[in-house]
Structures are given as C-alpha cells and as structure tokens.
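Let's take a walk through this model together, going from whole chains to single residues. Keep the viewer open as you read.

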Amino acid sequence: MRPDPAISVRGIVKDFGNGDTRVRALHGIDVDVYPGELTYLVGESGSGKTTLISIIAGILYPTEGHVRVFGSEIYDLSKNALVLFRLSNIGFIFQQYNLIPTLTAAENASVPLVAAGVSRAEAVDRARSTLDALNIGQLAERLPRQLSGGQQQRVAIARALVHDPRLIVCDEPTAALDASSGRRVMDLLREVAIQADRAVIIVTHDNRVFDLADRILEIEDGRMVGDRRPDKTRPLQQELQH
Amino acid sequence: MGWIALRMLTGDKVKYYGLIFGIAFSTLLIAQQSTLFVNLMLRASAAIWDVTDADIWVMDSRAEFIDGTKPLPSTDLYRVRGVPGVAWAVPHLRQGATVRTAAGELEQVSVVGLDDSSLIGLPRRILRGNLGHLSAPDSLFIDDVGSRKLFPNLDPVGQEIELNDRRAVIRGVVDANPSFTSGVLLYTQYSNALNYVPGTRNRMTFVLARAADGQDPAATARRIEAATGLKARTQREFATDSIYYVAANTGIPINFGLTVLLGFVVGVAIVGLTFSLFIRDNIKQFGALKAIGVTNSKIRGMVALQAGWIGFIGYGIGIGLATAFIVIGGNNSDTFKGFYVPWQVLVGVGVAVLLMVFGTGFLALVKVLRTEPAEVFR
C-alpha cells in the first residue's frame, strides 16, 4: 500500500512580471511526491522545473495553488513561520554548492544547526559525524577551496542532512561535476538520503544518472507531461530510450 | 550565527583589512583634526585659565576677547572694588611689545602686568626662579615655550633683553599654557609693565576681581556691570567668549571642518565600497542561508555584527594613532604643548564611525534582504 504523499501540489500557477511582460512559468501543476523515494524532476532548460522545486521548497510564492508538505499548507504559514518550517524540515543542495568559503567543511555543514540555535561546539561536532557518515570525515577541517567539486558537493549534502530534515531538495547536484563524481554523489544521495519518512526531489537534466531514480516527473513548458517509474531491471540504455 | 558572520568577514583578508583601514584612516583624520581644532580653540582662552585666583574679569564694555580690548582708566579699579560682593580687585595689563634679544633678533611678545603685591595673574607653576625675584627692578618671568623660542639652547634665566627700548632681565620661567598666537609671554609687576609698554593715559587692560565668600561670581559680575557700565565676565564666561570670538572671526573652523568632513567622506567611500563588494561577493551565500532558514532578523544581526566589529577595531586603531600623535607631539614639540584628546572628541568620532559603518552596512543589508532565497536556484 502506498504511503500518504509527503508533498501534495495542487493547481500551482506561477507568473513572473506584470502586465504585458507577464510570463506564465507554471500552468496549474498537480503532483504528489512520496516518502522513501528518489524523485527526479526533469525537463529542458526553461521548462519550469526550477520554479516548481522552488515553490515546493517554500522559497518562492506561487501565484495560485496550494502546496502541502508533510501535512502543512506551507503558504498558509506566516513568512517567519515558513522560514522556520524550512529550517526544521527541508535540506537544500544547490548546483553551485554555495558553501561559505571562509568556513571549514565541518563548519559549513553545521550551518542549519547553528541557525536553529544549537551551540557552535555541538553543531560542528554533529556536522563532523555527518561528514564521517558520508566518508569525508577526513576533510572536515578543510576550506571549500581545498576541496574538489565532488567533495564540495558531499559537504553540501552533509549540510542538507545534518539537521535530519524530512524533505531534501536538490537543484542540479551533478551539473558542475564530471560523470564519475556526479554518479558518486547520486549514489551517496540514494544511500543516505532515502528513508521511509523522508522525500527527496532532485531537479536534473543529467541523463547519466536517470537509472538511479525511483520516479521521474517530466515537465515541459510549465506543464507536467510525464510521470514514470523506471524499470531498474532494464539496462540504462534501454531505460533512456523508453 | 555571530561567529559565522565574523568568519565570513575576516576570511576575506583583503576586504577585511581594507574595511579596517578605511575606518581607521577616517577615524585618525577626524579625531586628529578635531583634537587640534579643539585645542587651538582652547588656546584662545588659555591665558584666562592661567589666572587661577580671580573669578571675574572686568574690561571695557566693547571688549570681546582677551587680546581685543581697550585699556581702562585706573579709577575703574576703585569703582570695581566698591561694588558689593567683591572681595578684592587688582589691575591687570596685557599688551604687545617688541623684544630685541641679545643676539639682536626682534620678536613680538605680550607683556603681562601683575598686581605688584599679590602677583595675581601669574601662572601657578614656577619652573625657575621664585616670586621674590619679580620685585627686583627690570625683572621679568618668561613662559617656558617662549623661553625656548627666544633663547634656543640657552639658559633663559639671567638673559638680558631690550623690551620696547628698555633693558629687562629674565629672572624666572613659568609653566604657562601657550596662547592662541603662540607668542612669547613676559610677566612682570604692574608698575614695571607700565614702564615697558607705550605710554597712553589709560593702560590697565583688565581688572581682575574675586567674589566674596558666599557670593555667586556670575551674580557679582552682573552687579559690577550694573554699577560701573563695564563688562564683567566670570572666568568661564570670558573663556567661552574668547573661543567664540576666534571661531567666528577666523577661517579655522571652516578649514578644520572641511578636513573632518573629508575624513568622514573618505571613510564612507572606502567602507561603503568595500562593504558593498564584500556583500556582493557573499550574496549567494546569504541567499543560501535565507533558503536554508536563516531569518531576516538573524541576517540583520549578522551584518550589524560585521559592521560593529570593523567599526570597533577601526575606531580603536584610529583613536590610538590620533592619541599617539597628540601625546608624542605634546611631549616633543612646543607646538602641541598642553594638547590632549577631549572625551567629547572620542564620543563624536565614535558617533561618526557608527554612522559610517551602520549607514554603509544598512545599504549593503538592503541588497541582502532583497535577495530572494529562490535566486540561489537560478
């Protein structure tokens, strides 16, 4: 039996600009995302996938529609409550990592805990444990510039996981990485992020890692045009042709 | 989030030191120029504060400052003495003269005539000689700065000078506050002074008086004015009048004011530009923090802490350098003798630095607060 959806998106419309310059980026999106799955959101550049994930993550107000995340209508919350909801419930992984260049890996990973009011010592300690779990504990004291792209993205994953959020959103996490690094990052996400009570949504157009998805949502011109579950028993090439 | 804010700030060494340099330089310029201005203005009243026993100065009704007054007839001394509430009153003379030194050089000086018996008007601290020496004929005391100016590398005591064509001998040295014009001050008994300065019918410049015990000096001064038609000011009032006169009648406030303003503008420019660059370089990180769930109030706190931190350090360095300049200058040069850094300058410069860092910090903050967290996904 399928669990209750972690995320329910209903009738999401998003317009940018005003008057003659108004552009509709999303045309009434309806979708459910379930916990325990790695859900990919794919589409061409400009299709609206980043806009949709921003709305799901609570960082971009929709023009119309509702988003329910683990039972909370997030856009019914006050602005401050929405910020705190994100802090408690959502982990972010960005394409460009967005690590703070002057903080060590462990300090970067500790940021969500510090923002939540955990003491520096405890936050960094817990961040080190998370880095250990991601097999990069030995890099804890390095600055971002001393890390490769793949290592920086692992630190970003640690930052997304350190406060044990129930939703993880990733924006093109492999875009800045070579094929093997990208695959390792995705393997890692599969390994550590997927839990029965956690949903993971990844925006990507990197078809090298499509085979790792449990579900692929396709978006085109602001409309949901595909929703499929790859057959993991098929070779990757067949899956891509499907 | 405080330590994260500070690590973000201090991690970028070039901008961090640039910000501190900007504030320190600006603080140094503002504090040093303000201190020089205040001390120069105070010199306009230095001679008034050197007279410690009298608390009321009586002068011509049109007099505005210590070196700009019309001599009084000697009878005015008795009129002042007759005003109720006046404990005592003595004559005082201040007049310009020309000195020819033993080396033949000419120097403009101020002759200060002191009451013959009480010597009221002589600075308290006598560095060389004793009061008895002033009663000898042709005796003068000289101020310490003036002694070095008139007799460089010579012992001034015993030196003979020609004062308005009359022979005089330096018998002692006093520690006087340098005057606004930094001229040499020669102290002598009033009767002696009358011989040194050009002869006109009226030569008494001031009457120095003291209010009787239990009498308010200001009220006594008003009574003197009412009774004599002369101008009577308490020591503080006359000091303030003299400062205002110099401030209003010279270009000094404008010159110093422009330099102080320039210091502030340079500080704002350096700090504003560097802070803006710092924020621009970190805008993605601030955006990421906002997306993660750092509230705007915490972001405000972070930027305020960064601004406060650089302000505090820059202010400390700038004030330290300005103070060192004044202290070292005061110890090694007669030009800065008696100069000090008033607490009002410290507070004023502190306010200027606060305006500078929080003003530029606020402008930078607007950029951060306007950054939509969704922009980190674009």
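Residues are numbered from 1 along each chain as its sequence is written, and chains are lettered from A and ligands numbered from 1 in the order in which they are written.

Let's begin with chain A. It has eight helices and 10 strands; helices (H or I, at least four residues) and strands (E, at least two) are DSSP runs, numbered from the N terminus. How does its radius of gyration fit the globule rule? For 242 residues, a compact globule would come out near 18 Å, and chain A has 18 Å, which agrees. That radius is taken over C-alpha atoms, and the rule is 2.2 Å times the number of residues to the power 0.38. Along its principal axes, the C-alpha trace of chain A spans about 50 × 45 × 40 Å. Of the 242 residues in chain A, 46% are buried. Here a residue is buried if 20 or more other C-beta atoms lie within 10 Å of its own, exposed if 12 or fewer, and partly exposed in between, with C-beta atoms placed from the backbone. Among contacts in chain A with a separation of 6 or more, 70% are between residues 24 or more positions apart; two residues are in contact if their C-beta atoms, placed from the backbone, lie within 7 Å.

How confident is the predictor in chain A? Its mean pLDDT is 85, and 94% of its residues reach 70 or more, where pLDDT is the predictor's confidence in each residue, from 0 to 100. Where pLDDT is low, the predicted coordinates should not be read in detail.

Now zoom in on helix α5 (residues 120-133) of chain A. At 1.5 Å a residue, its 14 residues should span 20 Å, and its end C-alpha atoms are 20 Å apart, which agrees; the expected span is 1.5 Å times one less than the number of residues. Which residues of α5(A) are buried? They are Ala123(A), Val124(A), Ala127(A), Arg128(A), Thr130(A) and Leu131(A). Seen down the axis of α5(A), these buried residues fall within an arc of 160 degrees, so they line one face of the helix; the arc is that of the directions from the helix axis to the C-beta atoms. An α-helix has 3.6 residues a turn, so residues three or four places apart point the same way. The buried residues of α5(A) pack against α3 (105-109), α4 (111-115) and α6 (149-161) of chain A. On the face turned away from the buried side sit the exposed residues Ala121(A) and Glu122(A). After α5(A) comes Asn135(A), whose phi is positive, near 60 degrees.

Arg126(A) also lies in helix α5 of chain A. Is Arg126(A) buried or partly exposed? Arg126(A) has 18 other C-beta atoms within 10 Å, so it counts as partly exposed. Leaving aside neighbours within four places in sequence, Arg126(A) is in contact with Ser110(A), Leu113(A) and Val162(A).

Next, turn to where the chains meet: 24 residues of chain A are in contact with 22 residues of chain B. On the chain A side, the elements that give two or more residues are α1 (49-56), α2 (79-89) and α4 of chain A. The largest share, five residues, comes from α2(A). That side divides into 15 nonpolar, six polar and three charged residues. Ala, Val, Leu, Ile, Met, Phe, Trp, Tyr, Cys and Pro count as nonpolar, Asp, Glu, Lys and Arg as charged, and the others, Gly among them, as polar.

Chain B has 12 helices and 10 strands. A compact globule of 378 residues would have a radius of gyration near 21 Å, but chain B has 29 Å. Its C-alpha atoms fill a box of roughly 95 × 50 × 30 Å, taken along the principal axes. Buried residues make up 45% of chain B.

Finally, look at helix α8 (residues 235-249) of chain B, whose 15 residues reach 21 Å from first C-alpha to last, close to the 21 Å expected. Its buried residues include Phe238(B), Ile243(B) and Val246(B). The buried residues of α8(B) pack against α2 (13-43), α3 (46-50), β1 (56-59) and β10 (231-234) of chain B. In helix α3 of chain B you will find Ala46(B), which is buried, with 21 other C-beta atoms within 10 Å. Not counting residues up to four places away in sequence, Ala46(B) touches Asn177(B), Pro178(B) and Ser179(B).

Methods:
This is a predicted model: local features need pLDDT of at least 70, side-chain atom pairs count only at pLDDT 80 or more; totals for chains, interfaces and linings use all residues.
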